[in-house]
Amino acid sequence: LCQRYDVREYLKFLQAIVLLNSGATAAQSDPIIQETMPNNLPIRNLSREVIRLAYEADLLSLTAAGLSLTGYTLLHQGKLQESLEVATSALQIARNISDSYTEISALLLLSDVYRFAGDKNREEEHRGLYDSIINEIRQSAYSLEKLLPELIIEK
């Protein structure tokens, strides 16, 4: 069974992550980690480096999502080249961190940019990549749905 954590505990957890990423020494961060993370919390067993990498991936994901939003703003202002550059950067970041949701956002933006530019081939190429990832996500969700009752019964 999952334990419920209240907002204060969650904020302490976030504080621990920020502290770990700030370059704090073990002497500075260990007391907060001890206070914040119960022994049965899986992340407690992770190394400081793994926590740091997860935090960086979250920041990169937010950056890619922000770039996609910026790309749409530029597209609606009619700035196709700038939108294309921003969308390409968002897509590269999303692919580097394997973030499917941010990747589909960037692919959809690229598809729209090429549609506005009149490049039907590239529009269809990016729309096809978008559709492929969406189908993978749907298939994964469907597989998980079928597997979930078995997992609940086994516990």
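Author: Helix α5 is followed by Gly-118, whose phi is positive, near 85 degrees. The model is a predicted one, in which local features need pLDDT of at least 70 and side-chain atom pairs count only at pLDDT 80 or more, while totals for chains, interfaces and linings use all residues. Residues are numbered from 1 along each chain as its sequence is written, and side-chain values use heavy atoms, with hydrogens and water left out.

Helix α5 covers residues 100-117; helices here are DSSP runs of H or I with at least four residues, numbered from the N terminus. Its 18 residues reach 25 Å from the first C-alpha to the last, close to the 26 Å expected at 1.5 Å a residue, where the expected span is 1.5 Å times one less than the number of residues.

At the start of α5, the backbone nitrogen of Tyr-101 has a side-chain oxygen of Asp-99 within 3.2 Å.

Within α5, the buried residues include Thr-102, Ile-104, Leu-107, Leu-110 and Tyr-114; buried means under 20% relative accessible area, exposed over 50%, and partly exposed in between, with a 1.4 Å probe and protein chains only.

The C-alpha atom of Val-113 is separated by 8.6 Å from that of Gln-81, 32 residues apart along the chain. Gln-81 belongs to helix α4, residues 80-96.

Terms used
Helix = DSSP H or I, 4+ residues; strand = E, 2+ residues; numbered from the N terminus. Polar contact = N/O pair within 3.5 Å; in protein donor to acceptor, adjacent residues only side chain to side chain.
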